[in-house]
Amino acid sequence: MSFLKKATALLCLAAVAGTCMFSYSSVLMPSDTSEVYAASDDGNDDWLHAEGSKLYDMNGNQVWLTGANWFGLNCTENVPHGLYARDVDDMVSEIADHGINIIRFPISTELLMSWMEGKPQPVSSVQASYSPPKDEVNEDGSITPAGKYGNINREFVLEDGKTLKNSMEIFDVIMQKCKKYGVKALVDVHSPASHNSGHNYNLWYYEPTADDCDGMATNHLTGDPITWDDWKDSITWLAEKYANDDTILAYDLKNEPHGKRMYAGSECPANMAKWDDSTDKNNWKYSAEECAKSILKVNPNALILIEGIEQSPRFDRGADWNTPDVFQPAAGQEKWYGAWWGGNLRGVKTLPVLPESTQIMYSPHDYGKSVYAQSWFEKDFTEQTLLDDYWYDTWAYINEEDIAPLLIGEWGGHMDAGDNQKWMELLRDYMVKKHINHTFWCINPNSGDTGGLMDSSFQKWDEEKYALFEKSLWKSASGKFIGLDHKTALGENGLSTADFYKSGEGSNINGGKGSSSSNAVTPVIPSAKPTDKPSATPVPPTPGFDPTDKPDSQLPSSNPTSGADKPSGPSGIVYGDVNGDGKVDITDISVMSLALVDKKEFESDQKKRCDVDGDGEAGLTDLASIKQFVSKVILSLGPNI
């Protein structure tokens, strides 16, 4: 492993084929949701970072993202589907109880822009009421209690009990429900326009040479084109809005960039996603890098997910991005590699995205025969043939060669008792064995070519499909689901991250290998490297992030508040004060992160303030220490601590 990788360890399809609408008139009675969420973990301490192919929390504990997709925010309804039939509190609590520790929420740039511009679009296909909205005294003196006749999604309506809130307000409620039940969120920019089939569009912005741009990349209310800047600025806006709320841990910059070279012309078409070293807007590597830098500037703790493209040239056969494809080529004459939409990450090998960042993950999509009969299924396929024919060179090498973590953003399909189910089981077992993060497609039943984990009423789970999926979820040795929140347990019978590591139990991380000594890691400090290898000497379970969990002898006399304590050194140097405002807070992390990514030189005085370990340089180990100070993992900064 390179020195850089060692140093960074220290830093903390088939989408909707068509929306099926169901008639469901029952009024559901959810559990009481009127409580304030103060009991939920709001410490903003659940951020994650990468070291090699694994993810760690800010205490250096290894974690595993095992979740599912819940679509609808990308569609014209502007809300996750199913909430016309189900109360959101009931829905999210049941998702948590089923062990899903992160939900991937597809969304459109159009909807994000409406929020950013202060004109949130309305939602449709939601049942919400609270009738009467308050206790009513009847003529005979009796009282009709609030909510007696209608009590579903009550937090989606205003005080009158019936006027629906807008899409941004409802999204915020859903995020609070995730927080309440220990579920994390991953926001995926699924399409430019709000469109139930918007995933079919190749690019992430309006490209006039694309035949479908006027339907897929224009605001469906105003007709305005959705530009490259609109895409970047709107997802950055959401990242800044939630920068101090770790409910949203990650941002998937664009669902399934794709496009084929086709058979004519002498130049790569502008309406095709490519991966090269140019600054062309349709160069997904360049665009993803610019968008990632924009997000990390406002939230340096966010994980950034980069999907692949569809086709890439066979450079070994003299092809490049301008080379036309060959129609039905003879064996050995192929000029291009094919893949699933968003599945081709071959470009990472030579042109990785922000390789010095600890926040980058790659997120291919992979499907079976129920979506399309690819060539690698034209045999009695096995895990090994799938690796040889497609998986390894397309995306699996990124994990195997310890380049970066993977998250399979979409996988799933119909239970056919045949090849499609066989593929699902093979991919599931490979992801578990290799500890690859993933989000199943999908919770919704209304995905035409895959189906979902729930039935058409959004009330019951498909037990056969869930049984297949459940084996891929993060569980303790005793079978409890493990969440990604340090304090709030995942659902009714799950565990928080801190409780899991305190328990001393093993888990199915790395295919079930390991124990409390291999899973527990001491908090990250500049001289320590997180590891999941068994230790000869048992390591005590790592405490949770809250410093009050430390033994009394280790507690400071008073806990510092980020930015309040100034770790001053000689001549009044405030170590860690990167931007020179006299305090140390998340702004300093952002400024230093971007400077290191852009390889900018620090000014003399600034370099002194950044050099918290006293080695004469301002680098990644210094940034790691500043992150820990702001997060209260360590209580002082400077070369003499």
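The protein averages a pLDDT of 85, and 82% of the residues score at least 70. Over residues 1-39, however, the pLDDT is below 50, although this stretch has 118 contacts in the model beyond near neighbours in sequence. A further stretch, residues 512-565, likewise has a pLDDT that stays under 50, and for these residues the model has 105 contacts beyond four places in sequence. Where pLDDT is low, the predicted coordinates should not be read in detail. The secondary structure of the protein comes to 15 helices and 17 strands.

Eight strands form an open sheet with parallel pairing, in the order S15-S12-S11-S10-S5-S4-S17-S16. The edges are taken by strand S15 (360-362) and strand S16 (407-408), each of which has a single partner strand, so that one side of each is left without a neighbour in the sheet. Within this order, strand S5 (residues 102-108) and S10 pair in the parallel sense over seven bridges, and Ile-107 has Val-189 in S10 as its bridge partner. Strand S11 (residues 248-252) is in turn paired with strand S12 (residues 303-306), in the parallel sense and over three bridges; here the bridge partner of Asp-252 in S12 is Leu-305. Strand S10 (residues 184-191) is largely enclosed by the rest of the structure, because eight of its eight residues are buried.

Strand S17 (residues 437-440) of this sheet holds Thr-439, a residue that is buried, with a relative accessible area of 0%. When neighbours within four places in sequence are left aside, the contacts of Thr-439 include Gly-67, Ala-68 and Asn-69, Ile-102 and Arg-104, Leu-186, and the residues Leu-407, Ile-408, Gly-409, Glu-410 and Trp-411.

A separate open sheet is formed by three strands in the order S1-S2-S3, and its pairing is antiparallel. Strand S1 (48-51) and strand S3 (62-63) stand at the edges with a single partner strand each, so one side of each is left without a neighbour in the sheet. The pairing of S1 with strand S2 (residues 54-57) is antiparallel and runs over four bridges, and Glu-51 stands opposite Lys-54 in S2.

A search of the whole structure finds 30 salt bridges. One of them joins Asp-89 to Lys-177, with the closest N and O atoms 3.0 Å apart. This pair links distant parts of the chain, since Asp-89 lies in helix H2 (residues 88-97) and Lys-177 in helix H4 (residues 167-180), 88 residues apart. Both Asp-89 and Lys-177 are buried. In a further salt bridge, the side chains of Arg-314 and Asp-316 meet at 3.0 Å, N to O. Arg-314 counts as buried because its relative accessibility is 12%, under the cut-off of 20%, whereas Asp-316, at 56% relative accessibility, counts as exposed.

The side chains of Glu-383 and Lys-433 also meet in a salt bridge, at 2.8 Å from N to O. Here too the pair links distant parts of the chain, with Glu-383 in helix H8 (residues 383-400) and Lys-433 in helix H9 (residues 419-434), 50 residues apart. Lys-433 is partly exposed, with a relative accessible area of 43%. Salt bridges that share partners also join Arg-104, Asp-188, Asp-252, Glu-307 and Glu-410 into one network. Of these residues, Arg-104 and Glu-410 are among the contacts of Thr-439, and Asp-252 is the bridge partner of Leu-305 in S12.

On the surface, Met-262, Tyr-263 and Phe-327 form a nonpolar patch, with about 340 Å² of accessible area together. Phe-327 is placed in the loop between strand S13 (312-313) and strand S14 (336-337), and is exposed, with a relative accessible area of 55%.

Definitions and conventions: Residues numbered from 1 in each chain as written. Predicted model: local features only at pLDDT ≥ 70, side-chain atom pairs only at ≥ 80, totals over all residues. Heavy atoms only, no water. Pairing = 2+ DSSP bridges. Helix = DSSP H or I, 4+ residues; strand = E, 2+ residues; numbered from the N terminus. Salt bridge = Lys/Arg side-chain N within 4 Å of Asp/Glu carboxyl O. Buried < 20%, exposed > 50% of the residue type's maximum accessible area, 1.4 Å probe, protein only. Patch = residues over 30% accessible without salt bridge, like charges linked within 9 Å, V, L, I, M, F, W, Y side chains within 5 Å. Areas by Shrake-Rupley, 256 points an atom, 1.4 Å probe, with all protein chains shown as cover. pLDDT = per-residue confidence, 0-100. Contact = heavy atoms within 4.5 Å.
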